[in-house]
Amino acid sequence: MMFNERIWTVFKQNWQHTLTYWSVFFSFGLSISFLGPTVLDLRCQTQSTLQEITCVFFAQQFFLLVGSSVGGLFKETQKCALSALFTCTLLISVVFAIVPLCHSLLLLAVALATGGLAMGIIDTIANFQLVKIYQKDSAVFLQVLHFFIGLGALVSPLIAEPFLSETNCVLGAANATSELRHLRKTLGRNTAHNWSHYHLLTEGIVVTQVAYAFWIMAIISLPVPLVVLALLHRERALSCCCRARSPRLLDQEGVDMKTWAAGPGEEEPKNLHTEGHGGLFSCCRNKPVHTLSPFSTGVHILGGLVVFMTDGIIGVYSVFVYSYAVDPPLALKHKTAGYLSSVFWAAITVGRLISVPMSCRVRPVHMLIGNLAGMVITTLLLLLLHTHGMFLFVGTFFLGLFLSSVFPCMLAYAEDTLDYQGCVTTFVVTCAGSGEMVLQVVVGSFMHRTGSYSFLLCTMVIASVGFILFCVLLLFRHMHR
């Protein structure tokens, strides 16, 4: 009872901050998954080849990684953090609005790179602030935070679906409709193919209706910066960011965890400081790498590698499962295969919602063991039953369910292991972004060279490596307890 009362009391003192960070992550989720279902329409809009349009994916993921790395620079004070969140959420709305106006591939890449940078900064700041507010009780609130990512990622494809071009993309040629339909059917086939045959260079005007989907998402995400602005106004932080050094977050909120009386068998919470929790580079500046203990270094590296693998699987699976499904031996219809991404993100959303009450009763380490073991078993079954189309849907759901809470659980587990010292939040977020960027390129290359069957094989190998790394982390902590 004491534990729940403590969480509720701290939440009441910080409810506006918490709801703001959750709404910010909904905007983040909207930006994650819209590229997958709209890629053909964006090809039509920019008149580019498939190989050229995939550079847009890399640009967004690369700058998301950059944003995650530098996001900690804005976490020094509450004023800096909220000002950065306001700017980034507003940028996301602007990016949604201008994407339909980018008829050049370069302009589209610049726009999405800007959005990726904003997403990375949001990712680092929101995770960090919740950890600093709730500390040892942060697991529950991190689960809700990442539930809102899944919710946004689920909503985005549903908004885009009615506006995807099937017969409305006018390429200035009589056979435009049949060509686009053929392109949709063959997009996922990564066998050796002369993609130059599908180069959409025409002298006609390219018209798609997907612009309405982007403008709807821009309107939906627009209230988020207004919510952040309201919190800024409440904190009287509308002055220039970082002009003067203001009190640290917890000091400004008046939340001192020392005020809590420890219950029977409980440890007295520590009064924790923000030193070492800057950006990836400021961490090293505040505490040089050679001064970190071997235990702290090991937890950073192993925890980061685990989320590198698991978040990499999320990125790989959400992008390539359609390509795998439309190829032999399954050869599903492209509309049927299109539901796989929605099933995957729906499972992640449901899993993060279920994890909220579970995290109140189950320790993060136990949730991690169950999730990672389930992830390996599911990928193995998907590989063994690769000829069964129905099981692909079932396996996709369970894979999303097991992957859903790995990141917030790992973040809470690593922070708790190090007593909230060091650079865990920034480092873990950066590793997660790196995994999504790197593994998409690696798995895509394997699928292009060896065929779509290697998709499930690569997924199982990555899942197994992630589970082994987590076992090493558990052994490492046990040895240094």
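Contact here means heavy atoms within 4.5 Å. The legends below describe close-up views of a predicted model.

Figure 1. Ser-355 lies in helix H14, which covers residues 334-361. When neighbours within four places in sequence are left aside, the residues in contact with Ser-355 are Gln-143, Met-367 and Ser-405. Of these, Met-367 is twelve residues away in sequence, and the two C-alpha atoms are 8.7 Å apart in space.

**Figure 2. The protein as a whole, as context for the close-up views.** The protein contains 19 helices and zero strands. Of its 481 residues, 57% are buried.

**Figure 3. Helix H15 and the residue Ala-373.** Helix H15 comprises residues 364-384. Its 21 residues reach 30 Å from the first C-alpha to the last, close to the 30 Å expected at 1.5 Å a residue. The buried residues of H15 include Val-365, Met-367, Leu-368, Leu-372, Gly-374 and Met-375. Ala-373, also found in H15, is partly exposed, with a relative accessible area of 26%. Ala-373 and Phe-402 are 29 residues apart in sequence, while their C-alpha atoms are 8.6 Å apart in space.

**Figure 4. Helix H6 and the residue Leu-117.** Helix H6 runs through residues 105-134; at 1.5 Å a residue, its 30 residues should span 44 Å, and the 43 Å between its end C-alpha atoms agrees with this. The helix is mostly covered, as 24 of its 30 residues are buried. Leu-117 is placed in H6 and counts as partly exposed, at 30% relative accessibility. Neighbours within four places in sequence aside, Leu-117 is in contact with Phe-63, Leu-64, Val-66 and Gly-67. The C-alpha atoms of Leu-117 and Leu-65 are 7.5 Å apart, although 52 residues separate the pair in sequence.

**Figure 5. The loop after helix H6.** Gln-135 follows H6 and has a positive phi, near 50°. Lys-136 is found in the loop between H6 and helix H7, the latter being residues 138-160. Lys-136 is partly exposed, with a relative accessible area of 42%. In sequence, Lys-136 and Ala-412 are 276 residues apart; in space, their C-alpha atoms are 7.7 Å apart.

**Figure 6. Ala-331 in the loop between helices H13 and H14.** Most residues other than glycine have a negative phi. Ala-331 has a positive phi of about 50° although it is not a glycine. The loop that holds Ala-331 lies between helix H13 (294-326) and helix H14 (334-361). With a relative accessible area of 46%, Ala-331 is partly exposed.

**Figure 7. Glu-436, a buried residue without a salt bridge.** Glu-436 lies in helix H18, which comprises residues 424-450. This residue is buried yet has no salt bridge. The nearest side chain of opposite charge belongs to Arg-352 and is 7.7 Å away; a salt bridge would require a side-chain nitrogen within 4 Å of a carboxyl oxygen. Apart from neighbours within four places in sequence, Glu-436 is in contact with Gln-61, Asp-311, Gly-312 and Gly-315.

**Figure 8. Aromatic pairs, with Phe-25 and Phe-28 of helix H2.** The count of aromatic pairs comes to eleven. Phe-25 and Phe-28 form a stacked pair, at 5.3 Å centre to centre and with 15° between the planes. These two residues stand three residues apart in helix H2 (residues 15-33), and therefore about one helical turn separates them. Both Phe-25 and Phe-28 are buried.

**Figure 9. A cluster of aromatic rings.** Tyr-317, Tyr-324, Phe-344, Trp-345 and Phe-455 are linked into a cluster by ring pairs.

Key. Residues numbered from 1 in each chain as written. Predicted model: local features only at pLDDT ≥ 70, side-chain atom pairs only at ≥ 80, totals over all residues. Heavy atoms only, no water. Helix = DSSP H or I, 4+ residues; strand = E, 2+ residues; numbered from the N terminus. Expected span 1.5 Å × (residues − 1). Buried < 20%, exposed > 50% of the residue type's maximum accessible area, 1.4 Å probe, protein only. Lys, Arg positive; Asp, Glu negative; His and termini not counted. Phe/Tyr/Trp six-rings, centres within 6.5 Å; stacked < 30°, edge-to-face > 60°.
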